[in-house]
Amino acid sequence: MRAIVLDAPGPPEALTIKEIPIPAPTTGWVLIRVKAFGLNRSELHTRLGLAEGVTFPRVLGIEAVGEVVNCPGGELTEGQQVAAMMGGMGRVFDGGYAEYTCVPVSQVVPFSSKLDWSTVGAVPEMLQTSYGSLTVGLDAKSGQSLLIRGGTSSVGMATAVLAKQWGLTVLATTRDASKTSSLTAIGVDHVVLDDGAVAGQVRDIFPDGVDLALELVGTPTLPDTLRATRVHGTVCFTGMLSNEWTVKDFYPIDYIPRGVRLTSYGGDASDLPADVLQDFLSAVASGEAVVPIDEVFAFEDIAQAHAKMEAGTARGKLVVMI
């Protein structure tokens, strides 16, 4: 099979297409014929040599969608449409950047859809992260206000879509004024231009601060996001678009505004119930929801896709078709 292999950390061109054997599943694992996969920042981190515990050569890809080829344990049937994600994919074992991928059954979510594979390929990890952030991380409720810091990222846009479906008022940030229309097109109520400090702009709209905030940029903007949130409001730290993950010299009383709650979210395939994935795909098919896709690339164009992800110019998800 053809696979995109990373022999060692490096630039986008370090991702090379090679012929390698099709993996053979054992009991508890499933072989999937990959139809499409989305790109994720964690794969950029791995390519740059920032991920811990990864050995090379490695086929990257923490997610993929496709059809079951072989499942020795019988948990899934041949031809079943499935999404696979996380659980060591692309890090501990070879992931979705290939014509076939072999993963634990526990990392697979079945679905049924007639949507194009390019559309479905954008959904799994993006939806898992958005859904988990809103439910586990923020316990979001209809009628609340939500600030999304990093609004034009794929997770940011997917979260906005879900939040509007759930009846929240959504504020989303962007550093680029030309991306405003991309946010309003998916239902964002207030677009906030991010110059590094948005708390004042947010409080011009909600003087007491927002009820909820999703931090996707990382630790450089987290203090300002906390200042944009009301007393007894909640900030969920989910993303690190800035590639900065830790807070130096953390002194909680000085760092976290009085009464504001700070939590975090990181999930797995088990955090995306099959009915949530199915309902979202059905909503997309009926026109009730949209999948924020920036661009779809051919398998051979993986270097260009990674270069665009690294440049941070995308407005939504980047997808690769096989």
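Let me start with Arg227, which is partly exposed, with a relative accessible area of 47%, and which forms a salt bridge with Asp224, where the closest N and O atoms lie 3.7 Å apart. Please keep in mind throughout that what we are looking at is a predicted model. Arg227 and Asp224 both sit in helix H7, residues 222–227, and because they are three residues apart there, about one helical turn separates them.

Now, what are Arg227 and Asp224 linked with in a network of salt bridges? The network also takes in Arg149 and Asp194, and these two form a salt bridge of their own, with the closest N and O atoms 2.7 Å apart. This pair joins distant parts of the chain, as Asp194 lies in the loop between strand E11 (190–193) and helix H6 (199–205), while Arg149 belongs to strand E9, residues 145–149, and the two are 45 residues apart. Are they buried or exposed? Asp194 counts as buried because its relative accessibility is 12%, and Arg149 counts as buried as well, at 0%.

For the model as a whole, the count comes to 14 salt bridges, and the pairs I have described are among them.

Key. Residues are numbered from 1 along each chain as its sequence is written. This is a predicted model: local features need pLDDT of at least 70, side-chain atom pairs count only at pLDDT 80 or more; totals for chains, interfaces and linings use all residues. Side-chain values use heavy atoms; hydrogens and water are left out. A salt bridge is a side-chain nitrogen of Lys or Arg within 4 Å of a carboxyl oxygen of Asp or Glu. Helices (H or I, at least four residues) and strands (E, at least two) are DSSP runs, numbered from the N terminus. Buried means under 20% relative accessible area, exposed over 50%, partly exposed in between (1.4 Å probe, protein chains only).
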